[in-house]
Amino acid sequence: MSSLAMRRVLLYVVLAVGALIMVFPFVWTVVTSITPGATLTSTPQLIPDDASLSPYLELFQRVPFARVIVNSLLIAVVSTLLQLATSAMAAYVFARMPFPGRGALFVVYLATMMIPFQVLIVPLFAEMKTLGLINTYAGAILPTIATAFGVFLLRQAITTVPYDLDQAATLDGAGHFRIFFQIVLPLVRPALATLAVFAFLNTWNSFLWPLIILRDPLMQTLPVALTSLQGQYSTQWDVLMAGSVISILPMFALYVFAQKYIVQGVAGAGLK
């Protein structure tokens, strides 16, 4: 066997070991969720003898989990769509519409990424209380609809679109809105898909803000509901892991969809 083949085999072995290390926690979570009475003090069998879906049934009996899933999906989807809209429009302005102080304003806006969200909790809560949005979906969504990261990501993508396309469209009588929707957005679909994944995951996994702003148990999101399954003295880990598995499924589905969409977007942009 040649040295090149040996290196290739060694690379595959390293990648396989790394993949197993990454996948094992998820496999353990799934196995624990179908093993009634499982604990974290003992390693569950990969193929349990008494596998059962009873932890999932108990999960829906203890917590209004169907309502919790709907709450999380509603907040995450609406927040993601609004974040895509605001970030795309702001990125287009920063990339294509020169105005005095544009660079300085962009730098200041990016600097807000260094401010921890925990610092903003009190003023945000006071603002939502003034607006009467405590314990409402709007109160949970509004602070998440604009992010400096989204603007930065899409601005960098828009700057790669040839400006000659804008000039050609302008000669045909197109304005900024037509250029934005018909030329720029189709060419930055991979960046939009990437931002959608990050925005959805951040909102879906958000714990602190929903915990503070949503006081009604029927309006809880998944991370908050999962913490309610942990007892002070004991925890049913099989039920908790069942909830964790359910919380992972939408993120996994989004990743699979976004991966395909990014490939299609890159291929489409290349053909154009």
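Colleague: Why is Asn135 called partly exposed?

Modeller: Its relative accessible area is the reason: Asn135 stands at 27%. Buried means under 20% relative accessible area and exposed means over 50%, with partly exposed in between (1.4 Å probe, protein chains only). The value for Asn135 falls in the middle class, so Asn135 counts as partly exposed. This is a predicted model, in which local features need pLDDT of at least 70 and side-chain atom pairs count only at pLDDT 80 or more, while totals for chains, interfaces and linings use all residues. Residues are numbered from 1 along each chain as its sequence is written, and side-chain values use heavy atoms, with hydrogens and water left out.

Colleague: Where is Asn135 found, between which helices?

Modeller: Asn135 sits in the loop between helix 5 (117-130) and helix 6 (137-141). Its phi is positive, about 60°, although Asn135 is not a glycine.

Colleague: How many helices and strands does the protein have?

Modeller: The protein has 13 helices and zero strands. Helices (H or I, at least four residues) and strands (E, at least two) are DSSP runs, numbered from the N terminus.

Colleague: What makes Val107 exposed?

Modeller: Val107 has 53% relative accessibility, which is over the limit for exposed, and therefore counts as exposed. Val107 lies in helix 4 (residues 102-111). Its C-alpha atom is separated by 47 Å from that of Ser33, 74 residues apart along the chain.

Colleague: Is Thr203 buried or exposed?

Modeller: Thr203 is at 14% relative accessibility, which is under the limit for buried, so Thr203 counts as buried. Thr203 is in helix 10. Not counting residues up to four places away in sequence, Thr203 touches Ile75, Ala76 and Ser79; contact means heavy atoms within 4.5 Å.

Colleague: How many aromatic pairs does the structure hold?

Modeller: It holds nine aromatic pairs. One of them is Phe149 with Phe198, at 5.6 Å centre to centre and 70° between the planes. The two residues belong to distant parts of the chain, Phe149 in helix 7 (residues 148-158) and Phe198 in helix 10 (residues 189-204), 49 residues apart.

Colleague: What makes the pair of Phe180 and Phe181 edge-to-face?

Modeller: Their ring centres are 4.9 Å apart and their planes stand at 75°, so the pair is edge-to-face. Phe180 is buried, with a relative accessible area of 7%. Together with Tyr92, Phe180 and Phe181 form one aromatic cluster.

Colleague: What is the radius of gyration of the protein, and what would a compact globule have?

Modeller: The protein has 23 Å, whereas a compact globule of 272 residues would have a value near 19 Å. The radius is taken over C-alpha atoms, and the globule rule is 2.2 Å times the number of residues to the power 0.38.

Key. Phe/Tyr/Trp six-rings, centres within 6.5 Å; stacked < 30°, edge-to-face > 60°.
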